[in-house]
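Look through the structure below and keep it at hand while reading. The paragraphs that follow go through it part by part.

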Amino acid sequence: MHEALTLTRRFRKHLHTIHGDINKYTVTAVGLVLSLGLVAGCGSSDGNGSAADPKDGGSARPKDTRPEGPTYSGPAIPGLAAEPAWSLPPAHAIDLGDTLLFVKDAQGKYALNHDSSWEPAYTLHESDSPEPVVLEFRAVKTGEPRKTLEVTARQVAATTWRDGVRAVAVFNSASTESDGLSKEGTTTTVTVYGADGTVLGEATRDGGVFDIHEGHIIEQDGDAALKLTPVDGGTVRKVTCTGKLAACTFDSRNNEIDGGQAHAPLITGTYAFHVENASVYENEHEQLVMTDLATGEKVWSTADVTPPAGVELDDAGKRTSGALRVLDVRDGRVLTAWGAGVFTSDTWVTATYDIASGKQIGGSSTYSYKDDPTDTINTEGSSVFAPDRTLAAAHTEHGTAVWQPADGKTVWAQQEGEKAMRPLRFSPDGVLYGTTKEDFSERVYLAVDGRTKKVLAKSLPEQNLPLFSQPSGYGRITTDKGFFVFPARG
């Protein structure tokens, strides 16, 4: 789906799970930065200096003044207003909710990476050695600078804090020389900042850049366990997967726990997942178990619920396929995807369950795919969700199918003979953006109404495919001409 998995460290794990042409909604690697001449004030190199915030009496622009960037001359974008609210020279940004974070290098230039982006695993700056950069926090709706910080960084990346709150992680490193006998060493420090530029937590580890998710450092602890350490201090939690020759790892491309045929978000809100029977050598199928993040107590398990209609069962009433995923946990419900059967590895059945009762809510949806299902039914792949979770779009063997996660009802689906569209993302008001391609032709980007299937734009430039800021609904694009932020369509 999204084509942006360029961050080197995200390729070092699970290359065996990557099949064919992975479209990387996974996010990663896009440049951040700061505006030309718009940095109103700078702090110390450790990020704790003065802030250019008008509310604090800093020297930023007048309160209601928007940045004077380039004029937009591109095509109308379905779901967005005709004119941008503000603009900057070409740049990329991390979405922090009502704030966008940019990174500017020592020469005053905004960092750029010419790949698409995926939220939230999104790297905006990366260098071989620490270097000074400026973090610029701007209001989404107006572009006004809210705070600027000078920091020294090897990497600046999007992350999440408690309960999925968006944040930014700044990694810095230091080397120790050999005394003649000892080995050279490296220590890495991460500082996590909130949307207002305040420090949420800081931690140091030996070695290079490490994984941060939901305010926790994620570390491998043997073959079958993961150690979760709060960045701001607190109780260390260990997630252990069971089973003969069990292996359980963290996939930083999509923040999932990888237990062989079972996958789920490692941490989601106040919950964590682990895998029972996490080995293809087990006679029993793998099960996903959700526990309280703080206490480790079991809250919900796939072993305690009935697989949805459409999942093939054997004579003993057990499912014949071990493939299993949790796609989302929200509002007391768990959205799941089950392998349909042992001989139908390209078919998945989705269903939603109530956490408290374990009962299935609504019906189920069954979809078949052209490629290996690990590249399609996945929060990093071709199943994409509307911001309010009322709609989801799956990439099926005939193209796009749109369905309702709450009850499993299919809203519409492409049929054989149509130009198959791969869904990319929804706008807050239900516009679905996607791409079509025939054989070796170039991709064509288009927009359709997510509820009616009506084509709203059949040929958009790739650079004009917007990313959306939550919860404002504002959309942003980066072209060769500039960085443009648009209000939602009125």
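Is Cys248 buried or exposed? Cys248 is buried, with a relative accessible area of 0%. Here buried means under 20% relative accessible area, exposed means over 50%, and partly exposed is in between, using a 1.4 Å probe and protein chains only.

Before going further, note that this is a predicted model, in which local features need pLDDT of at least 70, side-chain atom pairs count only at pLDDT 80 or more, and totals for chains, interfaces and linings use all residues. Residues are numbered from 1 along each chain as its sequence is written, and side-chain values use heavy atoms, with hydrogens and water left out.

Cys248 has a partner: Cys241 and Cys248 form a disulfide, with their sulfur atoms 1.9 Å apart. A disulfide is a covalent bond between the sulfur atoms of two cysteines; the criterion used here is a pair of cysteine sulfur atoms within 2.5 Å. A search of the whole structure finds one disulfide. Cys241 is also buried, since its relative accessible area is 4%.

The confidence of the prediction comes next. The score is pLDDT, the predictor's confidence in each residue, from 0 to 100. The protein averages a pLDDT of 82, and 82% of the residues score at least 70. Over residues 1-62, however, the pLDDT is below 50, although this stretch has 215 contacts in the model beyond near neighbours in sequence. A contact means heavy atoms within 4.5 Å. Residues 114-120 also stay under 50, and the model has 32 contacts for them beyond four places in sequence. Where pLDDT is low, the predicted coordinates should not be read in detail.

Now to the interior. A nonpolar core is a set of buried Ala, Val, Leu, Ile, Met, Phe, Trp, Tyr and Cys residues joined through side-chain atoms within 4.5 Å. The largest such core has 33 residues, and Ile257 and Leu266 have the most contacts inside it. Among the elements that give two or more residues to this core are β11 (225-230), β15 (262-265) and β22 (344-354). The labels come from DSSP runs numbered from the N terminus: helices are H or I runs of at least four residues, and strands are E runs of at least two. Leaving aside neighbours within four places in sequence, Leu266 is in contact with residues including Ile218, Phe250, Ile257 and Phe273. A second, separate core has 17 residues, including Tyr122, Leu149, Ala158 and Val170.

Strand pairing is the next topic. Two strands pair if DSSP finds at least two bridges between them. Strand β6 (residues 166-176) pairs with strand β7 (residues 185-193) in the antiparallel sense over nine bridges, and Ser175 has Thr186 in β7 as its bridge partner. On to the next strand, β7 and β8 (residues 199-206) are joined by seven bridges, again in the antiparallel sense. Thr191 stands opposite Glu202 in β8. Five residues lie between the strands in the hairpin of β7 and β8, where Gly197 takes a positive phi near 85 degrees.

Further along, four strands form an open, antiparallel sheet in the order β24-β25-β26-β27. Its edge strands, β24 (384-385) and β27 (410-413), each pair on one side only. Between β25 (residues 392-396) and β26 (residues 399-403), which run antiparallel, there are five bridges. His395 has Thr400 as its bridge partner in β26. Thr396 belongs to β25 and counts as buried at 8% relative accessibility. Not counting residues up to four places away in sequence, Thr396 touches Tyr367, Ser368, Tyr369 and Ala401.

Which aromatic pair links distant parts of the chain, with one ring in strand β23 and the other in strand β26? A pair of aromatic rings is described by the distance of the centres and the angle of the planes. Rings of Phe, Tyr and Trp (its six-membered ring) pair if their centres lie within 6.5 Å; planes under 30 degrees apart count as stacked, over 60 as edge-to-face and the rest as tilted. The structure holds 11 aromatic pairs. Phe102 and Tyr110 have ring centres 5.7 Å apart and planes at 70 degrees, so this pair is edge-to-face. Tyr367 and Trp403 form a tilted pair, 6.1 Å centre to centre with 45 degrees between the planes. That pair answers the question: Tyr367 is in β23 (residues 360-368) and Trp403 is in β26, 36 residues apart. Both Tyr367 and Trp403 are buried.
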